[in-house]
Amino acid sequence: MIHNIDANGDGCVDIDEFESLYSSIVDEHRKDGETEEEDMKDAFNVFDQDGDGFITVEELKSVMGSLGLKQGKTLEGCKKMIMQVDGDGDGRVNYKEFLQMMKGGGFSCSN
């Protein structure tokens with residue numbers, strides 16, 4: 001699976017490759033009649049592993065690591081990503097913050 005979306009052949013899925021995969025999935029779901037709101041809820045739920053309504057640093061690291069994204073290798077890196085979109089400063093991303101982040105182009109990664 002990673003081989004199929006690893007455009008630059010480095011053995012990892014970077015954020016651009018992930019966004020490309022995500023876009024293709026969204027397009028496919030829309031053809032099946034799903035709305036953008038349903039897509040966003042589904043995407044949020046992937047990251048919100050315990051279903052508490054928040055994406056924590058640990059959950060972000062787990063999901064990004066399982067996708068082979070090198071930006072998710074360290075808790076510190078994930079904490080920086082969370083801080084960039086954490087509007088209320090609670091150290092987590094709620095659904096409203098997630099929507100704003102997705103409209104802005106996804107989790108930004110500064111290594």
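Student: Why are H4 and H5 called roughly perpendicular to each other?

Tutor: In this predicted model, helix H4 (residues 57-66) and helix H5 (residues 75-85) pack at an angle of about 115°. Angles of 65 to 115 degrees count as roughly perpendicular, so H4 and H5 get that name. Their axes are 9 Å apart, and H4 passes H5 in a right-handed crossing.

Student: Which residues make the contact between H4 and H5?

Tutor: From H4 you have Val-57, Glu-58, Leu-60, Lys-61 and Met-64. Facing them from H5 are Leu-75, Cys-78, Lys-79, Met-81 and Ile-82. Contact here means heavy atoms within 4.5 Å.

Student: How many residues of the H4 contact with H5 are nonpolar, polar or charged?

Tutor: Seven are nonpolar, none is polar and three are charged. Glu and Lys count as charged, and the contact includes Glu-58, Lys-61 and Lys-79.

Student: What makes up the contact of H3 with H6?

Tutor: Glu-37, Met-40, Lys-41, Ala-43, Phe-44 and Phe-47 in H3 meet Tyr-95, Phe-98, Leu-99 and Met-102 in H6. Sorted by class, that's eight nonpolar, no polar and two charged residues.

Student: Where does UniProt place the EF-hand domain feature?

Tutor: The unreviewed UniProt entry puts it at residues 1-28, 35-70 and 73-108. In the model, residues 35-70 are 61% helix and 6% strand, and the end C-alpha atoms lie 30 Å apart.

Methods: Residues are numbered from 1 along each chain as its sequence is written. This is a predicted model: local features need pLDDT of at least 70, side-chain atom pairs count only at pLDDT 80 or more; totals for chains, interfaces and linings use all residues. Side-chain values use heavy atoms; hydrogens and water are left out. Axes are lines fitted to C-alpha atoms, for helices over the stretch in contact, and angles run from 0 to 180 degrees between N-to-C directions. Helices (H or I, at least four residues) and strands (E, at least two) are DSSP runs, numbered from the N terminus. Angles under 35 degrees count as roughly parallel, over 145 as roughly antiparallel, 65 to 115 as roughly perpendicular and the rest as oblique. A crossing is left-handed if the near helix is turned anticlockwise from the far one by less than a right angle, and right-handed if clockwise. UniProt positions are given in the numbering used here, feature names are shortened, and annotations may be inferred rather than shown by experiment.
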